[in-house]
Amino acid sequence: MSAATTAGKEAYLGIDIGSISTKGVVIDEGAHIIARSYLWTEGDPAGAAKRVAAELAGQLEDADVRIVGAGTTGSARRLVGAMIGATVVKNEITAHAVGTTYLHPEVRTILEIGGQDSKIICVEDGIATDYAMNTLCAAGTGSFLSSQAARLGVEVEEFGKIALTSHKPANIAARCTVFAESDLVHKIQVGYAREDIIAGLCRAVASNYLNNVGKGKRICAPIVFQGGVSKNEGVVHSFEELLGQEVLVDPDGHLMGAFGSALLALKAGPVEAGEDGPFATGAFDFQAVQDFAFKTREVECAKCPNHCEIICVYRDKDIIDSWGNRCEKGAIKHT
Amino acid sequence: MLKDFRIRTGAVIADGAQAFRGTSDKEQKKRFKRDRHKTKKVAVFRYAYYAPAFKYFAEQVLDCDYLALPQATRRTMELGIQHSADDVCTPFKHMMGDWIEALEGGADVLVQVGGPCRLGFYGEMQEEILRSLGYDFTMLNFSHGIEQGYVGWAKEVMKTVNPDINVPHGVKQLLACGSMMTKLDEARDLYMANAGFETERGSYRRAWEALLDAFSLCQTPKEIDIAFGSFMDRARSIKLDKPEHPIRIGIIGEMYTAIDMASNLDLDEKLMAMGVEVHRMLNFTNRYTRYNEPNLRRSISDYVAFDMGPTTTLTVAAAKRYAEEGFDGLVHAKCAGCTPEIDAIPVIRRVAEDYKIPVLYLTYDTETSDTGLMTRLEAFYDMLAMKKEASLR
């Protein structure tokens, strides 16, 4: 596909780079998803973004589109935003709210559990009215489930199916990951059935979420559950049991952050042609992203005892972005 | 060295010169004023924007030298964490860092103003810890003597720091110091309401910093009035580009964290930078000079029946008033382990539900990251902005 031509329908790219997984979508002007990608970040957000871009480019091989804008979200939004020359770099809460309320205008509550964070968004008339995010503790998030899956020798993707076979879920202390883990080890050693333990874990994730993140929030139907953990049927089932209401899981639920940031990019309109970078020609060049070498370096500012850690992002040899300085003294010039 | 000597003996030389002008011994004795000034260096912990008032208190009321602390850095925090119990509330840790840096900087007297909650007990604990670390100093603890009223407090001040304070003059200057704090609050209120909309970025900040500088140089009540007047003139002439319906957020919460910028990671500045009109009823003026808890509680009698502690009445009253005035959102800021404000949260939830006003709850500890805070504030702002856009349509 030659992205640099002016022909083709306009499309927008959205990438959500989380701590565990990286998601990417391409939407057309009518906000329909025309390409999607979901893969593990594997501790290398820049590399993951490149792989997502390659996968999306592959799916768009035959489509006559050119990408005229891009948005990023997730914890590596700033880094990847600088990499791909994103027009919109937004936090994941906004991106999720925007994406979900577009697809489900009637939604009242959005439950979201990702790799390292979880949040709840309350919606009224299609507008987010309240939200909360886990603060001090990552208990009950995706990475907790992954590490417990490894302990039990099960693929985390299998968790949900196994959990649903249990008739009597084990009671696992849910208030804290550390307690949950020691309780879990205890129950394994006492000889509980594996499916009961797994079902108990799923239930612990759901009740922990409702007790911590959902504390004090009014959870009204329709409820949409999304984020990587929403792919786990066991957790979905536990939520339905605990809430006594149906919980909706969108097949694209795990892509909602990426979809939201693509929507925000669509709202912002086409990017203006820059001098360099992937948007140099006015349309996103998938190949350029692959060809550039991106590097992040940390510099410790020595100009005061704050010792700010300044993150510098390089494209080949040029600094394209830097952040982390608390004052002007630590500002680094970039192109 | 020589210069230093001259300054110190300046007063004596001047008096001596007068003595040579042919005055009698009796007259000389009458005119010779006792030097009430003590060269002790007084330090107060870092707290919000009140440093100029603390300086005024040290120099004009206590009649001592003031030791100004530079901006807090990560080192301050590390010192504080190192010498505090892990589960003590965060302000304690900030103060410990401040005290150690003050003592390293040559402070002789540390002023612990105490406070309406556990803060009132912190003076003794901090003194203990610092002494066990081997530091030598005097601590002026406002929790001492105050049980016998202002007279008891004044006696304590004179006994521990400067017995030669001219009492009527000291009282006059203490009132002036209070008036400076009130004026700082008033200036800050104006700043927070408008700085998000200035056409030239940084104008308000410059005016505000000029006010702090001017207040730091004040020696008399009149000078305070003049400095404040010129700030108000300057602030009012700053050009604003304020929309008809700006996003308004009220900051509520605990006395230390909700105000102190080093503790709340510049919460108010961050909101202003997004273009928000920021209000914060909680300040020295509203909590001390004009605080009438029973009457304030009347306004929230539907929610609160008794005084729950240091700032909870003010927190809930502010939440309700902002909600009634149609604010777009509230930010509740407290430190980890602040029991009174934890008590206030369920009440704020009820207010929020009744008035349908979103609240962002923030708990700060020494590990709170700037990035995490920014994500939450941005999301909160986006949410309020989208809501506002939809309601105005």
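**Figure 1. Surroundings of Phe259(A) in the predicted model.** Phe259(A) is part of helix H9 of chain A, which covers residues 256-268. The model is predicted. Phe259(A) counts as buried because it has 30 C-beta neighbours inside 10 Å, and 20 or more are needed for that label. Apart from neighbours within four places in sequence, the contacts of Phe259(A) are Gly14(A), Val25(A), Ile27(A), Ile33(A), Gly99(A) and Asp252(A). Ile332(A) lies 73 residues from Phe259(A) in sequence, and the two C-alpha atoms are 33 Å apart in space.

**Figure 2. The largest nonpolar core and Ala49(A).** The largest nonpolar core holds 193 residues. Tyr12(A), Ala49(A), Ile67(A) and Ala262(A) have the most contacts inside this core. Helix H7 of chain A (residues 194-212) supplies the largest share of the core, 10 residues. In soluble globular proteins, nonpolar side chains tend to be buried together. When residues up to four places away in sequence are left out, Ala49(A) touches Ile15(A), Ile17(A), Thr22(A), Val80(A), Met83(A) and Ile84(A).

**Figure 3. Domains 1 and 3 of chain A.** The domain assignment divides chain A into domain 1 (9-95 + 257-292), domain 2 (105-249) and domain 3 (295-330). Between domain 1 and domain 3 of chain A, the C-alpha centres are 25 Å apart. The contact between these two domains of chain A involves 4 residues of domain 1 and 7 residues of domain 3. On the domain 1 side of this contact in chain A, 3 residues are nonpolar, none is polar and 1 is charged.

**Figure 4. The contact between chain A and chain B.** Chain B contributes 15 residues to the contact, and chain A contributes 15 residues. On the chain B side, the elements that give two or more residues are helix H4 (74-82) and helix H16 (370-392) of chain B. H16(B) gives the most to this side, with 9 residues. The residues of chain B that touch chain A comprise 5 nonpolar, 3 polar and 7 charged. The scores of the model are ipTM 0.81 and pTM 0.85.

**Figure 5. Domains 1 and 2 of chain B.** In chain B the domain assignment gives domain 1 (36-165), domain 2 (167-242) and domain 3 (243-283 + 293-393). The C-alpha centres of domain 1 and domain 2 of chain B are separated by 25 Å. Here 10 residues of domain 1 of chain B meet 14 residues of domain 2 of chain B in contact. The domain 1 side of chain B that touches domain 2 consists of 8 nonpolar residues, 1 polar and 1 charged.

**Figure 6. Helix H6 of chain B.** H6(B) runs over residues 119-132. Its 14 residues should span 20 Å at 1.5 Å a residue, and the end C-alpha atoms are 20 Å apart, so the two values agree. Leu119(B), Tyr122(B), Gly123(B), Gln126(B) and Leu130(B) are the buried residues of H6(B). The cover over these buried residues includes helix H5 (90-104), strand S3 (109-112) and strand S4 (138-141) of chain B. Gly134(B) follows H6(B) and has a positive phi, near 100°.

**Figure 7. Confidence along chain B.** The pLDDT of chain B averages 90, and 92% of the residues score at least 70. Residues 1-19 of chain B have pLDDT below 50, and this stretch has 5 contacts in the model beyond near neighbours in sequence.

Methods:
Residues are numbered from 1 along each chain as its sequence is written. Chains are lettered from A and ligands numbered from 1 in the order in which they are written. This is a predicted model: local features need pLDDT of at least 70, side-chain atom pairs count only at pLDDT 80 or more; totals for chains, interfaces and linings use all residues. A nonpolar core is a set of buried Ala, Val, Leu, Ile, Met, Phe, Trp, Tyr and Cys residues joined through C-beta atoms within 7 Å. A residue is buried if 20 or more other C-beta atoms lie within 10 Å of its own, exposed if 12 or fewer, and partly exposed in between; C-beta atoms are placed from the backbone. Helices (H or I, at least four residues) and strands (E, at least two) are DSSP runs, numbered from the N terminus. Ala, Val, Leu, Ile, Met, Phe, Trp, Tyr, Cys and Pro count as nonpolar, Asp, Glu, Lys and Arg as charged, and the others, Gly among them, as polar. Domain bounds come from an automatic or database domain assignment. pLDDT is the predictor's confidence in each residue, from 0 to 100. The expected span of a helix is 1.5 Å times one less than its number of residues.
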